[in-house]
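Please consider the structure shown below. A short report on selected features of one chain follows it.

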Amino acid sequence: MTNNLAISVRGLRKSYGDNTAVDGLDLAVHRGEVFALLGPNGAGKTTTVEILEGFRQRDGGDVSVLGVDPARADAAWRSRVGIVLQGTGEFDELTVREVVHHFAGFYPEPDDPDDVISRVGLAGKAGSRTHALSGGQKRRLDVALGIIGRPELLFLDEPTTGFDPEARREFWELIRGLAAAGTTIVLTTHYLDEAETLADRVGVIAGGRVVAVDTPAKLGERENALATVAWRTPDGSVERAQSATPTALVAELAARYGGEVPGLTVTRPTLEDIYLTMIGQR
Amino acid sequence: MSTTPLSLGLRQGGLEIKQFLRSRESVVFTLAFPVIMIVIFASIFNWELEGGVRFTQYFVTGMIATGLMTVGFQSLAIQIPIERDRGVLKRLRGTPMPKWVYFAGKVVMVAVIGLAETLLLLAVGTLFYGLKLPETAGKWLTFGWVSVLGITACTLCGVAFSSLARSGRGAPAVVTPVALVLQFTSGVFFVFSNLPSWMQQVAAIFPLKWMCQGLRAVFLPDSFAAQEPAGSFELGRVALVLTAWCVIGLLLCLTTFRWTTRRDG
């Protein structure tokens, strides 16, 4: 297992009774990168992540997270890994400040709690009981508790589910800040735009395996995929053409119309199109 | 941040107590319940047992025992499944916090709330209902060890029982009837020696009966020992049964405790 890998997984297997959730999965996440895991529900995403987090035992395969087998997670390893789970329980009767201060006490070299609270944008809510927070604010608190120990590696499980667009954008800024500071981040999400915006690389899980890993721009030969050129014809209907050389086609159209082409658009498949094709094939 | 084991445990205990005191339900139903009950019972059953001993003197033993069971057994057996369901346990497991700290926090909370509740009960009983406190050091000593052993058994059983409820929402439905049945059959609401003997025998399997009996040795005159089914307060057997429940509870805790819900695998 090489040293520049934060996570290295080979041949990971996990079954629940007759149901094989993870079926020979391989994965490598580099130190300092933001890696997004995509996959439909039931593809083995959560099982994989929870094995990496040391919450579940695997049936087979080699797993190394920060150089340690998470099945033998100890306190020293836990203090290097931050985890933001889906829908974890709050401490209703405590204030944001109390909870973050308390969790800071679990770590050998915690960050400053008040600083972390303002970094996640909860400075104005520091004295509020956590049950009074909105969904988005609770998620920020989750992140605060995930990063209070200054983790080298941070797991984020569907962090922005239920956010409004503005809250999502603010959250992305927060994640970018962490990544810029050198934290390795593994993110699972159902939002393709989120993966595209945040991730250095994207891995697609389907049927318990990783079926593709690449940068969001290159995933599934997206760069080389045919572009769709659409324009409006003089009778008002919309014409579409698929082309490997859209620039030439646009030049030809420009010549045909003698300048501006009415209603011209040139599009490549979105990450979502590519992703849906990929998981549709399985 | 200091990270000695003792400070970790006390910090966790402080957090638990804070949460307890800020939850109106737990304050009313756990802390104040025995006091409410003694106010009701002492007002209704305002008669004397033989020898000029007020009924309150008998009833307070059951209320102390019930109070200790409520905070040790009921509150934990209900609270832990809720915390498990809501992912609080999983979140704590994801931190470097040693596992025992979670239990230490519960124990500190149970001990402090149990003590506060008992003192409150004694204060109200003495000030308003003519309760006579034990007069010899020996009786205070008995009071001490019966309470400590009893609340320890209840706490361990509460933690063990917490793995039985399938969900946090179902926990009260599983726990409350058990507590109620034990209270009715163990001599909390009725004079134990008046219960049918089969009921006495069933109750004798469980700790609450022995806690009540040990406390009767503290709060009733020695002459009342003759009215016990065995003709004495059997303090040796009280110690033995409560210790046995501590061992059983501990073994169940160690073998059955779950940090995650069943659907979490």
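The report below treats a residue in a helix, a surface patch and a set of annotated spans.

## Basis of the report

The structure is a predicted model.

Ser75(B) belongs to helix 4 of chain B, which covers residues 55-85. Its relative accessible area is 12%, and because buried residues are those under 20%, Ser75(B) counts as buried.

A polar atom of the Ser75(B) side chain lies 2.4 Å from the backbone oxygen of Val71(B). Phe192(B), by contrast, is 25 Å from Ser75(B), C-alpha to C-alpha, and the two residues are 117 residues apart in sequence.

## A nonpolar patch on the surface

Which residues form the nonpolar patch on the surface of chain B? They are Val28(B), Phe29(B), Ile36(B), Ile40(B) and Ile44(B), and together they have about 460 Å² of accessible area.

Helix 2 (24-31) and helix 3 (33-44) of chain B each contribute at least two residues to this patch. Helix 3 of chain B gives the most, with three residues. Ile44(B) is located in helix 3 of chain B. The relative accessibility of Ile44(B) is 55%; because exposed means over 50%, Ile44(B) counts as exposed.

## Annotated spans

An unreviewed UniProt entry annotates several parts of chain B as "transmembrane region", among them residues 27-47 and 238-257.

In the model, residues 27-47 of chain B are 81% helix and 0% strand, with end C-alpha atoms 30 Å apart. Residues 238-257 of chain B are 95% helix and 0% strand, and their end C-alpha atoms lie 27 Å apart.

Conventions. Residues numbered from 1 in each chain as written. Chains lettered and ligands numbered in written order. Predicted model: local features only at pLDDT ≥ 70, side-chain atom pairs only at ≥ 80, totals over all residues. Heavy atoms only, no water. Helix = DSSP H or I, 4+ residues; strand = E, 2+ residues; numbered from the N terminus. Buried < 20%, exposed > 50% of the residue type's maximum accessible area, 1.4 Å probe, protein only. Polar contact = N/O pair within 3.5 Å; in protein donor to acceptor, adjacent residues only side chain to side chain. Patch = residues over 30% accessible without salt bridge, like charges linked within 9 Å, V, L, I, M, F, W, Y side chains within 5 Å. Areas by Shrake-Rupley, 256 points an atom, 1.4 Å probe, with all protein chains shown as cover. Salt bridge = Lys/Arg side-chain N within 4 Å of Asp/Glu carboxyl O. UniProt positions renumbered as here; feature names shortened; annotations may be inferred.
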